[in-house]
Amino acid sequence: MEVKNIYKILILLLSFSLRISNAYSQEDVEVTEETTYEPILKFSGLKNTEGNRILKCTILTRLEGKWTPIENAELTFSVSGDSILELGTQKSDNMGIAVLEINKSINIPSDENGATTYTVEYKGVENSEPNSEELTIVDVNLEMSLEEIDSVKTIIIKASKKGAEGEIVPVEDHDVNIYVKRLYSILKVGQAYLEEGTGEGSLEYKLIPGDSLGNIVIIARIDEHEEFGNVEVRQTINWGTPVSYATNDIKREIWTNEAPLWMTITVIIFVLGVWYHLILVFIRMWKIKKLEKNTIN
Amino acid sequence: MEDNKNSKNESRRNFLKLGLGVGVTSVLSVAGANLLNPTKLKAGAPEKVKVLTQDGQLVEVDKSELIPVSENFVGIEESRIGIPNRKFVMVVDLGRCKNARKCIDACQEGHQLPKDQEWIKVYLLQNTEQESPYWFPRPCFHCDNPLCVSVCPVGATYKRSDGIVLVDNERCIGCKFCMTGCPFSARQFHWKEPTTYNEDLKYSPETSMPGKEGTVGKCVFCADKLREGKLPRCVSACPMGVLYFGDMIEDTVTNGEQTVRFSELIKDRSGYRKFEELGTEPSVYYLPPVDRMFPVERGLEGLDEETMKRYKDVPYIKNLKENEKGV
Amino acid sequence: MKIEEHNLKNLKKFAPFLESTSTNGWIWISSLVLIILFGFYAYGYQIYEGQIVTGMRDYVSWSLYKVNFIFFMGIGLAGALISSVLHLANPPWKKPIVRISELMAIISLIIGPVYILCDVGRVDKLLNVFIHARLSSPITWDVIAILMELIVCTVFLYLALIHNFAILRDYKELKVSRFRKWLYKFMAINYQHTPEQAKHIAWSQNVLAVLVIPMGVIVYSVIAWLFGMTKQAGWDSTIFGPYFVISAAFAGSAALIIVLAAFRRFFQLQDFITHRHFNIGANLLMVLAFFYGYLSFSEYFTKWYGYEEFNTELIVKLFDFSQYGGWFIYANFGAMLVPLILLGVKKWRTITSITFSAVVVVSAIWVKCYLIIIPTLETQHMPIQDSRPEWVHYSPSWVEIALTLSGFATLCLFLTLASKFVTILPSGAVADEEISKGKKLIA
Ligand code: SF4
Ligand code: SF4
């Protein structure tokens, strides 16, 4: 229980610094109103492709009728069970989001159904109420293999969980969403149904564009399941069609930095033509000057 | 005089906002958030923060990168080079727009624009009385054959490989040729020294901040955000999901909630581009205003008088007024 | 160098103008200087406050400055064209008017580009036009073409003046300051009017005269393409180049007539600039009025007939008497019909009526420039939905008006000053025999 002690000290230190900077902030920013906020916590979990568990908590409060994220709030994550195991503390970002990643090597206690209950706690500050939230997740093992069966590109999904005696039980009768990764989001391309008995499902892959090399990240994902939370696996494969986007077929790109050749040539001819004659004239003028000197001499 | 003071205060407020690195709600940034999170005024080494991105990936980023006013600084030379292997595209679903004007607010706040500059404008379009009026948001179209770029004598405005058209106001001479060149009235001039900008910001064409008197500004597709892998401000701000944004090469656009194949969306919903006949080849597509989510008058609710006045010449509004008088 | 008889006579006549200035002259000059100084003040104010002090806004982003730019460039280029045509054709009556037209040309050509300095938002960055020149931009074409045109015209004028400087240098009785004498000497580059020197001058003048004609057409077409290359209603027109050139020639000849009339009056040049010259000017005006009318008609007729959306919107504005209708009639019908009718009837054709129609033409073309720029910019492809009235409708601010007046004042001032520096009639301008010829023609 050493970890816990260190933790207490940390909290002490932190609350001390809170007070100091409180003084700071009052100097810098005038505060007119005294209100107490009642923040809410949105708690979700994700098991990612490496098998790590990611806990995500969003902290929001009602401000002038709008849900507004709280930044820099300290959120403590823990596992509750027979004894409470502290996992760590994270500060929320400007969207009010705090994220904690638990490496798969860490052994997290679970009950006989394979379920783990996570808790997130917000201790609150002077003008903000504390709050906490719980989340129970059954650990699911999701596997994906990408194969070409009879030259049909197929995504094969398999899901399983631990039984009461530690045996492996297939997860059945459930849809797994298949996505491909995109720049700003993930694009759903279909679903794979997990068959009863085997816990296996598959989806035929349809051609969609990849990056310039044709690479594509395929994601299989159980989304917001009440029992399993979010579980996903991802894999990169060369199944995308490489697209090269060319600005249609504009033959005269007048907007580029280089002018068209004919234009450059025309301008050069124009400039040179005029200067050629100007120089001829200048030479004559110089001659006029010189002629006179000759006659004087 | 009074005006001047106000704008100075405003810029101070903006400055505070930046310094604190909060921008979600300006009120919270100044008053609320500090009480809740007093530690943030403490100076220190750049903090690392773990962030779960939209597609479910956990990344560790520098704290400063989360600040809405980007400090992910891209210089003048660098910003001439596009984000590699991308071709950005926007799709506007006219059937959903109800003139909520959140895109305008988000843009103005994100780019510290003076209130009289709107890089994205919402028009009420109706050519004749017989046609049905509809709301029409118009950012810069980032044309693939942009006349504004063609006519610029100094290359101050340029088109990058990812399709984005930017303005370098260090080079711009303010000839305003691009403004007469753009057929969509997308460009706006800084007629006087702007006071809304935080002067400590280092200039980057990707943010177009700080603006400079005598030069041109326009929608930049939030190129700074795109570099961070985030959607443009207007797209994330729209409560109706009107604006879709994405990469043509990936053939995917998203409005933050829904993600769809670009080509299918355009095909299924008969997407089109405004003024195709002018040949500038816009990168912004429109889905026709059919199957409306809201009747057009919803867009008039709660409009301030100033904004209301803009639409006075639209036949639909004229009729409304006449009916009112008649009753 | 021995000064020839007729030149001496000329000199004697003009020497007083060169040597001193009358009280009226001083009043005239100082009032012009005052206007120009006020223009400077307005310009400084604009630089200090930003272009917010002009009437320009986001939709109408070009305004009076561009109007004046194209107007003065037009007059300048037309003046240059007329001078070089006169030089090449060399009619016997050209001498008294050729110097005046050259001066008017070069002065307008200098004033024109100054308006660009007023128009750009960042004068301090103007050098970028050379540093980062983009050849595909019409502005770059403009910069190249105008600069060269200016050089060629200056040299052309200077060549014509060398003989004059030499005469002034050698006219010992001239009572002017030492510096001025030195200047004459310097400018005369040792010219002694030897046959060989005269040959060089003649050759150079011929070359440049030939050069000026196509260049003038090119330069002014390029200026027209500043507008023609865009997609704005009313600008996107294939005939804009020729249309501008013809309009410029029209306005330029009219302006020349006005300047001639003014000089004739104030310098008592009735013996030199005669009915005959005005008569020729009137003929020229009539021919150009016809061409101008023809081009205007085809320009608006096609747009009106085709009923294209944006053009229609513009045309409605131009025809509407509550908007631009009156000015439209004045600029198009006035400029064409006044010279055609007034000068077409022999009885009505007097120097006064010719000058009057020239004034009508010049002002109408200025209005025309205004009508080309402002109503078009008030007619955008996207409907202008704006609640700020000054954004939607342009009206010039005092700054722009002051700078416009300064431009005209500068033209007058420079012409006055030039007439005090060189004799306004070139060497060899002979009056007497011309008069008799002229009288016969007019009678
Ligand atoms: S909409 Fe206008 S400003 Fe934007 S790229 Fe096209 S032409 Fe240029
Ligand atoms: S105003 Fe600036 S960006 Fe626009 S064309 Fe002129 S120099 Fe280029």
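The shell around ligand 2 comprises nine nonpolar, two polar and one charged residues, where Ala, Val, Leu, Ile, Met, Phe, Trp, Tyr, Cys and Pro count as nonpolar, Asp, Glu, Lys and Arg as charged, and the others, Gly among them, as polar. The model is predicted, so that local features need pLDDT of at least 70 and side-chain atom pairs count only at pLDDT 80 or more, while totals for chains, interfaces and linings use all residues. Residues are numbered from 1 along each chain as its sequence is written, chains are lettered from A and ligands numbered from 1 in the order in which they are written, and side-chain values use heavy atoms, with hydrogens and water left out. Among the residues surrounding ligand 2 are B:C152, B:C172, B:C175, B:C178 and B:K176, a residue being near if one of its heavy atoms lies within 4 Å of the molecule.

Chain B also meets chain C, in a contact (heavy atoms within 4.5 Å) that takes 50 residues from chain B and 46 residues from chain C. On the chain C side, C:K231, C:M382 and C:Q385 lose the most area to chain B, together 20% of what that side buries, buried area being the accessible area (1.4 Å probe) that two parts lose on being put together, summed over both.

Within chain C, the lining of the largest cavity draws at least three residues from each of domain 1 (1-227 + 396-431) and domain 2 (232-380), bounds that come from an automatic or database domain assignment. By class, eleven nonpolar, two polar and one charged residues form this lining.
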